[in-house]
Each structure stands twice: as structure tokens, then as C-alpha cells.
Amino acid sequence: MFEGDPTATTPMTPLVPPQPPVRKSGGVPAGRLVALGLLAFVLAAFTGRIDFGALITTARSYLDQAAPAARTNTSSTSTDTAAVAAVKDVITRANQAQAQAYSRNDPTLMRATATDSYYQELVQTNQGIQSSGAQSIELVTLDWVDVTVSGTTAKATTNETWRTTYTDGSVADSTDRNDYTLVLQAGAWKISADVQPTTQIISPGTGISPVVTQPGTPASVTSSSSNWSGYAASGGNFTSVTATWTVPTVSANATGADATWVGIGGLTSRDLIQAGTQAMVDGSGVAYTSWIEMLPQSSREVPLSVSAGDSVTVSITQQSGNDWLIAMKNNTTGGTYNVTVQYSSSNSSAEWVQEAPSVGRGLVSLDQFGVVSFSGASAVRDGKAMSLSALAAKAITMINGQGQAIAQPSTVSSDGSSFTIARTDASSTPQTGTRRRRP
């Protein structure tokens, strides 16, 4: 499906500690995704990876850059063969329906092949793509990788290339792996989720400097991303991450969104557990919320009120096995939110990020957040608590489709755990070529 956020899946069901993991879209996403819905961000129905998060995009390798040979799992029975064929047919028709729904501005064309919750996500996806300036979307290629059917559920993996034509005449081709989940409802297969686990990629830095002054010393451009800016650390087993930041004051003059978060995993792996705050600008003002996300589930809002200028501390800590404690505190108001979730993590990295959220296959425009300040950034690696500097975390600069820096981190301060991220004056436009999106 035309989505873009590896974390953009169906909305999470409410988490009740210590309930099994119900995180969003990285991702990345839907999550990072939000589900971080693009419209959710831009038009106020935030669902999906963070796909907040879904883009997607810190040194994640091109796991599927070369499309694997088509492989379809079928059993020897004619019933299974028929079921596999039916699953393929639904996905094919769903992709066609999404493109037709977009061109005709008629979202109901997508209803027949999707569950109710996933249909709502697709509606938000198309609305978000439209708000990003896309004139048309077109499926160019669809390659089957794997299809398995088990009773009333099915899994399917494809490699899909979608072409987006923008109103300014630019064209972007996006090739992503899609991991579909389908359910059998009233004798018909319907798609309930679509995760794109390999869209979060970091490319070599371009060396382009920001066009506004960074309050600190700008970090050198070593890695660039279409939707992440901040720091990431790897090279060990990470069991905790924390940071404090000031919720930025976002301009209400232009639609867009931003998400500030800490997370574990997702840099070079498909898993990512994250939590943070976000702002959405939809023309009627700016809405600030808090959220948690666990790829490939969709992100969900949590009942911690935040406002511009508030100091917020977020930590994610592994308790034992797959039990994780997510602790969030509004230091300004004294409000707190704590939840224990179950999540299988690679423990492979830690991140401190300011993100342009994504949904489906498109990024939300990055809003004008000014500057966000991080402090107390640290993580536990291999059983030892370490500052950002001690972890040798690498800086990530967010760039637009023209390779211009749109969010630039500063160098880490002398205390080893503080830095700022500044929004530049460069426009937040979709990237041409393979578009990299988060979590």
C-alpha cells in the first residue's frame, strides 16, 4: 500500500500494565506513525511511526534495496492454494483502490479491502499525502516475496515501487518492503495492517550547512535523514535510555508536525520502542500531546498533558525479559505517566531525536519548531550508565529533497549530555528518489 511509514499500522489498543506489547508503526514508526497518521498530524487525527515514526532514518541499512527473489509459501492442498491466491488478489485490488481513491478523491473505494480501523488509517494517509502537495500516486511495480495463510489470518510480504507526482512537477519513486497482515471477515480477506520495516535509512551526509544560526556549535554532518535529527548510539546492549527536553514553541503559521522522543532499537534493526511528545499544526492552532510507540504497532497518545515551554523527562528501561517500563514526567506541572509493556527488543541502539512524523508512505511537513533543547541525555549500555559523549553517539541532520539541512543538531555540550536541535529556514519538502522515512 502507499504508506511510507514502517510504523504506520492499525491504531494501538489501550495499554494496561503489564499488558502485552501494543505499540504502534515504525516504526518505525506509523508507527516513530500515528498510528501516526499524516492527517493525524496535519489535520489533527494523529495516528501513525512516528509509520513517528513509520521515516525513517538513522543508519538503517538497505535491507531490501535489492528485491529478494519472489517466494510464495503455499501448502500442497488446493484450499491453501486458493487462499493464497485470494490474499494476493485482495492486496492487488487494495493497491489499485488506493490510487483510484486518491485520483477521484473518493476514499470509499478503499473500504472493500480493508478492516474498519485500517480503512480509517488509509483515509488519513491519502489526506496527508494530498496535503504534502502530491498531485497523483501510482503503483509502478509489485513483487511478491512471501504469502502464508493460517486459519483466519494471513501474512504477506511484497516489494512495491510507488511513484508520486507533485504539483511542482517533481516526481519521486519510493521502493519499500511491505509486511501485510490480513484477517478473514465474513468469508472475505481484508487487510488489517501494513508495516514497512526497511524505510528508515540513513545516507552519507551532504555537508550542507543550515541556513539559520544554531544556538550551539553545529555538529558536523556525518549522517543525514529525511525525518530524523539528533543523536544515535550503537555498539552494545542497550537496556535504558533517558533525556529531558523543553517542548518547543511551534509556529501556527504553517501546517506541519514534529515529534521529540527517546528510543531503543531501530537504528540498524526493525524493532523500536520509543516515547515522547509531539506538536501538530492544522490551521486552527497547535496541539501538543504525549505518546508511546512500539514497532510495528501504531503509536498512541497517553494521558500526560504538555504545553509549549514545559520541561519533560522521558525514560525507557528494561525491567526483566521483555518487560519495559516507560516513565514520563512533565517537570513543569508535576504530571506523570508510567506504563509497563511487553516488547521484544534487539537492544541494539539508543536514540534522542526530533522527527518529522510520517504516515503511510509520506512524511508530514516539519513544522517551524524553532529550537528544542535536550539535557540529561544518557543510556545504559552493557550494564553501565553512560552520557551521550561517553557513548560516542553520532549526530544526524535532517535534510529535505534538495539535500538542504532543515533540522540541525549542535555538538554535545561540555557536560556530555546536552545539545540543541535548530529548525532552519529551508523548506520541508518530500525527497526525490527513494524516500527515507522513520519510525
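Is Ala-392 buried, partly exposed or exposed? With a relative accessibility of 46%, Ala-392 counts as partly exposed, where buried means under 20% relative accessible area, exposed means over 50%, and partly exposed lies in between, for a 1.4 Å probe and protein chains only. The model discussed here is a predicted one, in which local features need pLDDT of at least 70 and side-chain atom pairs count only at pLDDT 80 or more, while totals for chains, interfaces and linings use all residues. Residues are numbered from 1 along each chain as its sequence is written, and side-chain values use heavy atoms, with hydrogens and water left out.

The protein has three helices and 23 strands, these being DSSP runs numbered from the N terminus, with helices (H or I) of at least four residues and strands (E) of at least two. Of its 439 residues, 57% count as buried. The accessible surface comes to about 15000 Å², and 50% of that surface belongs to carbon and sulfur atoms; the areas come from the Shrake-Rupley method with a 1.4 Å probe, and for residues only the protein chains shown count as cover.

The largest nonpolar core holds 60 residues, of which Ile-273, Ile-326, Met-328 and Trp-352 touch the most other members; such a core is a set of buried Ala, Val, Leu, Ile, Met, Phe, Trp, Tyr and Cys residues joined through side-chain atoms within 4.5 Å. Strand S10, which spans residues 272-281, gives this core its largest share, five residues.

On a 1 Å grid over the protein atoms alone, a pocket is an open set of points where a 1.4 Å probe fits, with protein on both sides within 12 Å along at least five of seven lines, and lining residues have an atom within 4 Å of a point. Helix H2 (78-104), helix H3 (116-131) and strand S1 (134-150) are the elements that give two or more residues to this lining, and the largest share, four residues, comes from H3. The space in this pocket is about 190 Å³, a volume being the space filled by probe spheres set on the grid points, which are joined across faces, edges and corners. By class, six of the lining residues are nonpolar, five polar and one charged, where Ala, Val, Leu, Ile, Met, Phe, Trp, Tyr, Cys and Pro count as nonpolar, Asp, Glu, Lys and Arg as charged, and the others, Gly among them, as polar.

Aromatic pairs come to four in count, under a rule by which rings of Phe, Tyr and Trp (its six-membered ring) pair if their centres lie within 6.5 Å, with planes under 30 degrees apart counted as stacked, over 60 as edge-to-face and the rest as tilted. One of them is the edge-to-face pair of Trp-228 and Trp-261, at 5.1 Å centre to centre and with 75° between the planes. Trp-228 lies in strand S7 (residues 228-234) and Trp-261 in strand S9 (residues 256-265), so the pair ties together parts that are 33 residues apart in sequence. Both Trp-228 and Trp-261 are buried. Tyr-231 and Phe-419 form another edge-to-face pair, with 4.9 Å between the centres and 65° between the planes. This pair links distant parts of the chain, with Tyr-231 in strand S7 and Phe-419 in strand S23 (residues 419-423), 188 residues apart. Tyr-231 counts as buried at 4% relative accessibility, and Phe-419 is buried with a relative accessible area of 3%. Ring pairs link Tyr-231 and Phe-419 with Trp-245 and Phe-374 into a cluster.

Strand S7 also contains Ser-229, which counts as buried at 0% relative accessibility.

Some loops carry particular backbone features. The peptide bond from Leu-295 to Pro-296 is cis, with omega near 5°, and Pro-296 lies in the loop between strand S11 (286-294) and strand S12 (300-302). Ala-186, in the loop between strand S3 (171-185) and strand S4 (188-195), has a phi near 50°, a positive value in a residue other than glycine, and counts as exposed at 89% relative accessibility. Ala-392, in the loop between strand S20 (384-387) and strand S21 (394-399), likewise has a positive phi, near 55°.
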